[in-house]
Structures are given as structure tokens and as C-alpha cells.
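User: I'm new to this one and would like to learn how to read it. Could you walk me through it?

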Amino acid sequence: MLGRTANGLFWMFRYLERAENTARLLDAGLRMALTRDLVTAEEEWRSVIETAGQREAYEAKHASYTGMQAWNFMLREKDNPASIICMFKLVRQNARLARNAISGELWEAINENWLIIEEQLAKPVGENKVMDSVKTIRRAGTMARGALTGSMLREEGYHFSLAGMFIERADAIARILDIKYYLLLPSLSYVGSSLDTGQWDTVLRSVSGDRAYRWLNAGHIDARNICEFLILDDRFPRSLAFCHSQLRENLAALARLHGSEGTSNELMREADTRLTDLSIDEIFEQGLHEFLIDFSASNAAIANAIAQDYRFLS
């Protein structure tokens with residue numbers, strides 16, 4: 001497969017995952033803000049914007065964190081390259097670039113949803129329409145993944161797509177955990193203390209893990225258990241452990257197809273060994289922030305190695 005096509009597939013699913021993760025954050029923020037007074041709601045939106053990595057860009061345009069300003073900035077601000085409309089435009093551009101390497105069903109899922117999203121976000125989104133936009137974006141991600149798994153040959157294109165998806169998903173989960181944990185528990189001395197369960201519920205909702213977590217933990221909201229669930233529980237499809245196990249499998253499949261391993265496979269094994277050997281107690285002893293920074297750096301190094309191994313475009 002040409003590096004240009006592989007690059008298009010890899011980034012198509014990175015941008016798709018990034019757009020969907022942003023929509024999930026918006027969903028969680030909306031639910032929390034609706035239960036708060038005006039001042040507290042602004043703090044919730046500040047937290048959402050910061051978690052999405054958009055605070056500097058947002059504050060360059062806005063002086064306050066009202067809900068409508070915040071969600072329109074994240075949904076449709078064309079001067080914000082991390083807005084959902086900008087990211088989904090890149091999804092479609094990369095799908096067009098790799099058009100001959102993807103199934104008709106996958107192209108239709110991307111193209112048809114782009115037309116719907118473009119229409120919904122053509123003008124400012126009011127409070128009565130914002131949840132519809134969030135649902136459309138989440139549905140677009142679900143449809144694209146369904147088309148990928150249901151219609152694509154298990155060849156290079158399939159594995160490049162999933163590699164991009166799991167690289168991006170792992171990065172998003174690590175970032176959400178790091179920022180939220182820092183905001184909620186700035187000191188390890190607070191571990192095990194009484195916490196704002198609503199805020200931790202936001203963390204779980206932002207990764208669609210609230211129902212699974214409650215089922216496993218009898219509804220008990222606890223910082224340590226949530227971190228263990230999102231980092232080490234490989235049964236949950238958005239945990240760091242699950243993302244890395246799937247990424248390892250896709251990189252191994254690419255190595256078999258190409259007849260040799262690359263630097264990405266070596267880095268993946270090293271990262272997988274480090275994560276598999278850790279317990280949540282050891283992570284807390286090391287420092288959760290330090291662990292997540294190391295994890296994100298390792299994840300980025302694997303992504304760069306994939307590009308080098310398969311001659312992606314710079």
C-alpha cells in the first residue's frame with residue numbers, strides 16, 4: 001500500500017475518533033451544566049474546554065465560559081482547528097484520498113454524515129439543538145466503525161485504520177484522566193477522601209463508561225476504582241489496556257503482511273510490557289500524573305514510528 005493511502009486511512013480514523021471524543025466531552029459537559037447554577041456551570045464549561053485542549057484558543061476569542069459560546073466553539077468554530085466541523089472535514093478529505101482502498105459502505109457512512117453535520121452546523125447551534133448535533137457526531141463514528149468492521153478486507157487498510165483509531169483513543173483517555181484527576185485530586189493525600197461524585201460521573205460519561213463501571217462496582221463512585229477501570233481493565237473498549245492490546249494486534253498483523261517488523265512493533269511490546277506489569281497501587285505510588293505523561297509520550301512515539309515504518313507523508 002502506498003504511503004499516501006496508508007497515511008490517509010491512519011489519519012481518517014484518528015480525526016474521526018478525535019471528533020467523537022470531543023462530542024462525548026460535550027455530552028458530559030451539557031449534562032453537568034444543566035444541573036448547576038450559572039457560576040458553577042461556567043466552571044464546568046471551562047473544565048470541558050481545557051480537557052479538550054482548546055483553552056488557549058477559546059480564551060483568545062471569548063472572555064467568559066457561557067454554554068452557548070463553549071459548545072459552538074467546540075462544534076463549529078472554523079478558526080478553531082480542533083472544532084468538530086474542522087476535524088470531520090479532515091475525515092472526509094482523508095476518506096477521499098483513500099477512496100480506492102475503502103469499501104463503498106465506509107465511504108457512504110463518512111460522506112453522508114459529513115453532509116448532515118455540515119448542514120446542522122451551518123449556523124450557531126442553540127440549546128434546543130445542541131444534543132441533536134452531539135448525537136449525530138457520535139452516530140457518525142459508530143456507523144463508520146461498523147462499516148469498517150463489516151465490509152473491509154482484513155488487509156493493510158483495515159489495520160492502518162484501526163491503528164489510527166486506537167492511538168487516538170488512548171491519547172484521549174490519558175488526557176481526560178490527567179486533566180480531570182489534576183482538577184479533582186491535586187494531591188495524592190486526597191486519595192480515598194470524599195469526592196464530588198458528579199465530577200467523577202462526568203469523567204465516566206465522557207468516555208461512555210458510566211454504565212459498565214457501575215455494573216462492575218455496584219454503583220460506587222471512587223477515584224481509585226475509576227482510574228483502575230480506565231487504565232487497566234482490558235474488558236472496557238476505551239481503557240488504556242484495551243487500546244494498547246488492540247493496537248499491538250494491528251501492528252503485528254501489519255508486520256506479518258509486510259514480512260518484517262519495524263520500530264513501532266518494538267516500541268509497542270515495550271509499552272505493553274510496562275502496562276501489563278503494573279497495578280493501580282504502583283501507578284499511584286509512581287504518581288498518576290507522571291504515569292500518564294509517560295504513557296502519552298510512549299503512545300506518541302509509537303504513532304511516529306508507524307509513520308516512519310510505513311513511509312507516511314510528513
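Analyst: Let's go through a few features, one at a time. Keep in mind that this is a predicted model.

User: What is the mean pLDDT of the protein?

Analyst: pLDDT is the predictor's confidence in each residue, from 0 to 100. Here the mean is 89, and 92% of the residues reach 70 or more.

User: Which elements have the lowest and the highest mean pLDDT?

Analyst: Helix H9 (residues 197–206) has the lowest, at 77, while helix H6 (residues 104–120) has the highest, at 97. Also look at residues 189–195, where pLDDT stays under 50. Where pLDDT is low, the predicted coordinates should not be read in detail. For residues 189–195, the model has six contacts beyond four places in sequence.

User: How many helices and strands are there?

Analyst: You'll find 15 helices and zero strands. The radius of gyration is 19 Å, close to the 20 Å that the globule rule gives for 314 residues, so the protein is as compact as a globular protein of that length.

User: What share of the residues is buried?

Analyst: Buried means under 20% relative accessible area. Of the 314 residues, 53% are buried.

User: Which residues is Asp27 in contact with, leaving aside its neighbours within four places in sequence?

Analyst: Those are Met131, Val134 and Arg138.

Technical notes:
Residues are numbered from 1 along each chain as its sequence is written. This is a predicted model: local features need pLDDT of at least 70, side-chain atom pairs count only at pLDDT 80 or more; totals for chains, interfaces and linings use all residues. Side-chain values use heavy atoms; hydrogens and water are left out. Contact means heavy atoms within 4.5 Å. Helices (H or I, at least four residues) and strands (E, at least two) are DSSP runs, numbered from the N terminus. The radius of gyration is taken over C-alpha atoms; the globule rule is 2.2 Å times the number of residues to the power 0.38. Buried means under 20% relative accessible area, exposed over 50%, partly exposed in between (1.4 Å probe, protein chains only).
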